[in-house]
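Let's take a walk through a protein model together. Have the sequence and the 3D view ready, and find each spot as we get to it.

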Amino acid sequence: MTDIFTPIEPRFDRDNSGLMEKIVALCKRRGFIYPGSELYGGLANTYDYGPTGTELLRNIKNLWWSYFVQQRDDIVGLDASLISHHRIWEASGHVAGFADAMIDCKHCKSRFRADHLIEDFLEDANNQVRIKHWAEKLIVGGETKLTNEIVTKVTEDKKVEGLTTEQLAEIIFLLDITCPNCGEVDWTPVRKFNQLFPVELGLVQGDNNVAYLRGETAQGMFVNFKNVVDSTRVRLPFGIAQLGKSFRNEITPGNSIFRTLEFEQAEIEYFFDHKKTKWEELFLEWKNSMFGFVTEKLGIKEENLRWRPHTDEERSFYSKRTEDLEYRFPFGFKELWGLAYRTNYDLAQHQTNSQKDLSIVDPQTGEKILPHVIEPAVGINRLMLMVLCDAYYEDEKRTVLKLHPKLAPYKVAVFPLLANKEELVGKARDIYKNLKESFMTAWDDRGNIGKRYMAQDEIGTPWCVTVDFQTLEDSTVTVRDRDTAEQTRLPIDELQMYFNSRLMK
Ligand code: GAP
């Protein structure tokens, strides 16, 4: 029997290679990711980041901030409160509509998101014949509330976003989907489940004392829009960026940190006057920026990325266009980063609900404008999972995380060839201390050199410096390259420049 506390192990890889299991094991073994509350049996869908994971996460955050805020002159930052007024979430529509359809297995008590249960079933290679047969039978005239259009969409696109709870329940019933955890077919009805986490404030209980942990960073930008305009020199078009925790009461199938209860979200609300700026052009610019960041800054292989426009059914009613940048995770192509043209729906909602004028005045025409917005929204933890999956490499001899050097938790590791030779250890310590002032540098003097290389390869350290007996004679060291395993002899004085020049690339 499982309950909501019990973490669910990753179930399968799409290609059955076991890749996801290997990545999860490496992450635990090498200090990237630990299961949350593990000491007390775990808490489902929560994770803690260990020493290497913390560095990797921080490096991704810093790169994102540098690329989208520091290096641009049209985007400013914001850091809003995690706990916010319930009226913000009523106005945004989250209190009424931020809900997933869930279903429970009565036999083993596992809980699933109904859409994910179906989509996982649809994508599983073993189910394709059954799905084809099902679609043909329904289209030819079975007794069903599902239209031919829905059946075709479900079977061809393998997506069910936008379908009602009744339609999801019918698909689960008609496809005879079994519980992925215990294999039984013993489902509860499909029910809606709000994802916002309420927080009770003060001592008196009641609706008016309820606040919410923010379900997205986006609302912070909308409710502070006027503050930013009034307190800075921004002019349309401009963006407000925020990077910080968001909280969602998620039911997830256990694909590590892909979908968790709390996550680091990085969002930009890019405000513009829709009469002066063509949204289609801005949208394309944002697609290029997002793709450029992922491929050039994070070093992700292009063949593992694709764009997927949302269908009319799945797109929010106020959005004119939404596209997801998807990454080929071991469990299939999944949303990485969303891009949405949200019109001025959010500002208009907050203007109406707060009864405060949120418009700005066009300095040329004197006209009042309630700006429209384009929103790129991504989870940093999901970027991290992508980076780990893309960098994972193994052959008969070794396992390596081929991380972009800028992302690597440690840039350099320093070893004395022998741990019991004082002259070697002393020299290596000096080099280590020196490099540590400029780079995250690791020290290792345990085991043999082969074992130390193996450990650094698995955490993605691009360069290992070894101090040997020759060092004592001519002040040179060996520098071993992670990807090629080749060793170069370099003077100690040149190390700093050597690593700097490589990190600049
Ligand atoms: N403001 C729009 C918004 O929040 P979203 O598609 O719900 O849109 C944006 O979320 C991104 O945040 C996703 O593409 C994903 O990268 C990340 N994300 C959403 N929920 C997540 C979760 N539970 N765990 C990890 N990342 C999540």
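We'll go from the ligand to a few helices, a strand and some cysteines.

Before we start, note that this is a predicted model, where local features need pLDDT of at least 70 and side-chain atom pairs count only at pLDDT 80 or more, while totals for chains, interfaces and linings use all residues. Residues are numbered from 1 along each chain as its sequence is written, and side-chain values use heavy atoms, with hydrogens and water left out.

Start at the ligand. Around the ligand sit 20 residues, and those that come nearest are Glu216, Arg248, Glu250, Glu267 and Glu335; being near here means having a heavy atom within 4 Å of the ligand. What kinds of residues make up this shell? It splits into nine charged, seven nonpolar and four polar ones. In this sorting, Asp, Glu, Lys and Arg are charged, Ala, Val, Leu, Ile, Met, Phe, Trp, Tyr, Cys and Pro are nonpolar, and the others, Gly among them, are polar.

Now zoom in on the ligand's oxygen atoms. One oxygen atom of the ligand is 2.5 Å from an N or O atom in the side chain of Glu335. A polar side-chain atom of Arg248 is 2.7 Å from an oxygen atom of the ligand. How much of the ligand does the protein cover? On its own the ligand has 550 Å² of accessible area, and the protein covers 89% of that (areas come from the Shrake-Rupley method with a 1.4 Å probe; for residues, only the protein chains shown count as cover). Strand 11 (262-272), strand 14 (332-341) and strand 17 (372-379) are the elements that give two or more residues to the shell. Helices (H or I, at least four residues) and strands (E, at least two) are DSSP runs, numbered from the N terminus.

Next, find Arg113, which belongs to strand 6 (residues 111-113). Is Arg113 buried or exposed? At 10% relative accessibility, it counts as buried; buried means under 20% relative accessible area, exposed over 50%, and partly exposed in between (1.4 Å probe, protein chains only). Its side chain makes a polar contact with that of Asp100, at 3.3 Å. That term stands for a pair of N or O atoms within 3.5 Å; within protein, one must be able to donate a hydrogen and the other to accept it, and residues adjacent in sequence count only if both atoms are side-chain atoms.

Helix 5 (residues 114-123) is largely enclosed by the rest of the structure, because 10 of its 10 residues are buried. Helix 7 (residues 148-157) has Ile150, Val151, Lys153, Val154 and Thr155 buried. Just after helix 7, Lys158 takes a positive phi of about 60°.

For a contrast, look at Pro51 in helix 2 (residues 51-70). Pro51 is exposed, with a relative accessible area of 52%. Leaving out residues up to four places away in sequence, Pro51 touches Gly31 and Tyr34, where contact means heavy atoms within 4.5 Å.

Finally, the cysteines. A disulfide is a covalent bond between the sulfur atoms of two cysteines. How many disulfides does a search of the whole structure find? The count is zero, with a disulfide taken as a pair of cysteine sulfur atoms within 2.5 Å. For Cys105, the nearest cysteine sulfur is that of Cys182, 3.7 Å away. For Cys108, the nearest is that of Cys179, 3.7 Å away. Cys105 is buried at 1% relative accessible area, and Cys108 is buried at 7%.
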